[in-house]
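Subject: Structure for your review

Dear colleague,

Please find below the structure that I am handing over to you, together with its sequence.

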Amino acid sequence: MTARYLREEHHIFRDAFRKFLEKEAYPHYTEWEKRGIIPRSFWAKMGENGFLCPWVDEKYGGLNADFAYSVVINEELEKVGSSLIGIGLHNDIVTPYIASYGTEEQKQKWLPKCVSGEIITAIAMTEPGAGSDLANISTTAVKDGDYYIVNGQKTFITNGIHADLIVVACKTDPQAKPPHRGISLLVVERDTPGFTRGRKLEKVGLHAQDTAELFFQDAKVPAYNLLGEEGKGFYYLMEKLQQERLVVAIAAQTAAEVMFSLTKQYVKQRSAFGKRVSEFQTVQFRLAEMATEIALGRTFVDRVIEEHMAGKQIVTEVSMAKWWITEMAKRVAAEAMQLHGGYGYMEEYEIARRYRDIPVSAIYAGTNEMMKTIIARQLDL
Ligand SMILES: Cc1cc2nc3c(=O)[nH]c(=O)nc-3n(C[C@H](O)[C@H](O)[C@H](O)COP(=O)(O)OP(=O)(O)OC[C@H]3O[C@@H](n4cnc5c(N)ncnc54)[C@H](O)[C@@H]3O)c2cc1C
């Protein structure tokens, strides 16, 4: 069943994008995982072919495409491998901050380069001492003439090594009460004096995803680089987290579908006790359970995508999709590996990396515990 938000042109676009990935991504992905990074040359090719931020207004070099194109891009990237999530983050999570809150001058300066791939973006909220508790970040930005002087540290930042432009959450008013009213968003550019990158972090999974620490020591950021208004950063973040979490749910749903298909192929060709493994009723039941959960996830995420495209405020539904689908994908990963037997534990089988990659989807973009906190708030308890 095709989702209602997908029209003929989205299917044509999907075919074209898949062909592009078959040439430019699938053959290189294992090498990227070994090298621990997606090369910038791939980003540039994505840009040249119109696959970066296609939703951006034509005036700034985009295609004015609707969110269904983003869904297609995120799904097809996930089918190659979860480490490509950094591209979805650039396309649908960070660049929208500039489009929504940037001044005309900022948009003209940065958006065309986000579309072409000359600029890779990142968003830096998390710090060593504050992740879920975002209001308690301690990075400060003190106004000094035409500059903000930024001090602090960020960690776990996706695209942190490649990033040319980073939207950094900092306290412009550390005394504000409640504390979230003191948060502002500053755009820190690549060569900002006092800004340095730490090591590329070694992770359990997502080996090719670029994740890094960032340091700001009296970093001199032009006051011009403030995004929107001072003290409104927390509200901007809350507004944009709906799409961020939806992108994570879409990726996890796609990962579950991929893992199911890998497992189905495997059990159909593997034999034991004179039969194909797929002929054992216990195996069939487990696949039936997985198929059911995956179908439930797909139905729900498609509904949420439709509502998001209709401009509805669906923070609760997105939180439901994010926690349930990522947990479902974790269950599918564990079953899928088990049904591959010993081969599932071997690196040459794709399920091994899929199993490693999926758990973080329940952690980033807000942990699943935080998703449940948001849902519970709406339950009038
Ligand atoms: C691969 C990767 C990429 C990431 N990319 C980015 C990025 O690009 N930008 C960025 O800013 N951040 C990024 N993050 C950070 C991520 O968003 C945080 O790790 C996440 O929000 C959790 O924060 P924390 O790690 O500080 O955990 P903590 O907040 O310390 O939480 C620890 C545990 O306590 C639980 N907990 C905390 N508070 C509560 C509560 N009130 N009720 C119940 N349970 C609670 C949490 O759910 C969790 O299980 C990334 C992380 C990873 C691993």
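I begin with residues 231-379, whose end C-alpha atoms lie 29 Å apart and whose span is 73% helix and 3% strand. Please note that this is a predicted model. For these residues, UniProt lists "domain: Acyl-CoA dehydrogenase/oxidase C-terminal", in an unreviewed entry.

Two further spans are annotated in the record. UniProt, again in an unreviewed entry, places "domain: Acyl-CoA oxidase/dehydrogenase middle" at residues 122-218. That span is 49% strand and 0% helix, and its end C-alpha atoms are 20 Å apart. Residues 8-118 carry the UniProt annotation "domain: Acyl-CoA dehydrogenase/oxidase N-terminal", also from an unreviewed entry. Here the composition is 69% helix and 0% strand, with 31 Å between the end C-alpha atoms.

I turn next to the ligand.

- Thr367 places a polar side-chain atom 2.7 Å from an oxygen atom of the ligand.
- Phe156 has a polar backbone atom 2.8 Å from a nitrogen atom of the ligand.
- Gly131 has a polar backbone atom 3.4 Å from an oxygen atom of the ligand.

As for cover, the ligand on its own has 980 Å² of accessible area, and the protein covers 65% of that area.

Finally, two points of backbone geometry deserve a mention. Most peptide bonds are trans, and most residues other than glycine have a negative phi. The peptide bond from Lys177 to Pro178, however, is cis, with omega near -10°. Pro178 belongs to the loop between strand E4 (165-171) and strand E5 (183-189). Asn64, a residue other than glycine, has a positive phi, near 60°. Asn64 is located in the loop that runs between helix H3 (40-48) and helix H4 (67-80).

Yours sincerely,

A colleague

Conventions. Residues numbered from 1 in each chain as written. Predicted model: local features only at pLDDT ≥ 70, side-chain atom pairs only at ≥ 80, totals over all residues. Heavy atoms only, no water. Polar contact = N/O pair within 3.5 Å; in protein donor to acceptor, adjacent residues only side chain to side chain. Areas by Shrake-Rupley, 256 points an atom, 1.4 Å probe, with all protein chains shown as cover. UniProt positions renumbered as here; feature names shortened; annotations may be inferred. Helix = DSSP H or I, 4+ residues; strand = E, 2+ residues; numbered from the N terminus.
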